[in-house]
Amino acid sequence: MVSNFYLYVELAGDAPTIAQSVRTALADFVYPDEYAMALEGDKLALEVWTCAQVAQAPLIAAVDTLVQRFVPNQVTSVYIEDDRGSTEQYLGPWRDVMTRLAHERQTRQAALEAAYQRQVRNLAHAENRDAFVITEGW
Amino acid sequence: MSIWFSIHANVKLRPDADAEKLAAALAAIEELVPESTYPDPDRGSVTIETSHDMSHDTSERLAAAVKDLARTFGDGQAVEVETKYEDDDRLSFFVGPQAAVVAALQADAAGRSRAIAQRLAAELTKLAEQPAGAFVETEGWW
């Protein structure tokens with residue numbers, strides 16, 4: 001059980017049909033004022049947030065079922081934040097998810113390397129090796 | 001207006017650290033946020049750890065006090081300070097002599113790189129058990 005929960009996902013298809021399915025799927029888990037849907041281009045963005053003690057796994061499973069139903073042919077990202085931090089889950093066809101994971105790894109490694117190099121460059125301005133320095137947070 | 005702020009740092013002390021001045025520095029931190037300093041004489045270190053609602057000013061003074069503690073009483077090694085403000089991501093930064101901080105950053109980056117590779121490997125292992133045409137879901141990338 002977590003006490004702070006936030007989820008974001010974009011679903012594609014007929015918006016009224018998706019909206020009705022979302023309402024039905026989430027009814028057992030959160031109150032109507034704990035989620036919202038909005039059209040983002042041709043997709044329906046779903047946000048869920050709650051501070052109540054929520055059983056996370058069945059709620060996420062319900063959302064995953066919606067993704068499989070409405071976005072079966074492409075990779076969809078489900079962003080989740082809770083007491084432990086944030087995570088991004090990918091759903092979709094096996095081969096596309098494998099490709100997305102490999103791309104994600106490259107992106108994260110490149111971002112890490114860039115951040116590291118920036119930190120080291122910033123530290124190079126210190127007067128000498130014993131100068132007291134503070135890095136940026138990362 | 002108060003915010004939720006969390007900080008953690010373990011400062012290894014110089015053997016010749018002035019005990020009286022150190023006690024005064026810790027008392028000043030305790031005055032800012034009670035029950036936030038944990039001296040460990042056996043290991044020659046002090047841990048600063050707290051998670052509380054506090055004013056933004058207090059959080060900044062607390063972070064500054066931890067840096068001063070490392071600067072004045074630290075043993076010359078890099079000190080990792082972890083902070084978190086409310087909904088922001090947890091941040092980690094290093095304070096200390098430049099050479100030590102660069103070495104700590106390098107080790108930290110290597111650890112983060114390994115974590116990315118391990119996370120990918122774990123996801124790929126799980127996905128490899130699924131049929132190639134299946135609709136699949138990953139566990140999630142923290």
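Me: Which residue in E6(B) does Leu91(A) stand opposite?
Reply: This model is predicted. Strand E5 (85-93) of chain A pairs with strand E6 (residues 135-137) of chain B in the antiparallel sense, over three bridges. In E6(B), the residue that stands opposite Leu91(A) is Glu137(B).

Me: Which element of chain A gives the most to the side that touches chain B?
Reply: In the contact between the chains, 37 residues of chain A meet 34 residues of chain B. Helix H2 (56-70), strand E5 (85-93), H3 and strand E6 (132-134) of chain A each supply at least two residues of this side. With 14 residues, the element that gives the most is H3(A).

Me: Are H3(A) and H3(B) roughly parallel or roughly antiparallel to each other?
Reply: Helix H3 (residues 94-123) of chain A and helix H3 (residues 98-128) of chain B have axes 10 Å apart and pack at an angle of about 180°. Angles over 145 degrees count as roughly antiparallel. The two helices, H3(A) and H3(B), are therefore roughly antiparallel.

Me: How many residues of the contact of H3(A) with H3(B) are nonpolar?
Reply: The residues that meet include Leu101(A) and Leu112(A) in H3(A), and Leu105(B) and Ile116(B) in H3(B). By class, the residues of this contact include four polar and four charged, while the number of nonpolar residues is 16.

Me: What distance separates the centres of domain 1 and domain 2 of chain A?
Reply: The domain assignment of chain A gives domain 1 (5-92) and domain 2 (94-127). Each of the two domains brings four residues to their contact. Taken over C-alpha atoms, the distance between their centres is 29 Å.

Methods
Residues numbered from 1 in each chain as written. Chains lettered and ligands numbered in written order. Predicted model: local features only at pLDDT ≥ 70, side-chain atom pairs only at ≥ 80, totals over all residues. Axes fitted to C-alpha atoms, helices over the stretch in contact; angles between N-to-C directions. Helix = DSSP H or I, 4+ residues; strand = E, 2+ residues; numbered from the N terminus. Parallel < 35°, antiparallel > 145°, perpendicular 65-115°, else oblique. Contact = placed C-beta atoms within 7 Å. Nonpolar A, V, L, I, M, F, W, Y, C, P; charged D, E, K, R; others polar. Domains from an automatic or database assignment. Pairing = 2+ DSSP bridges.
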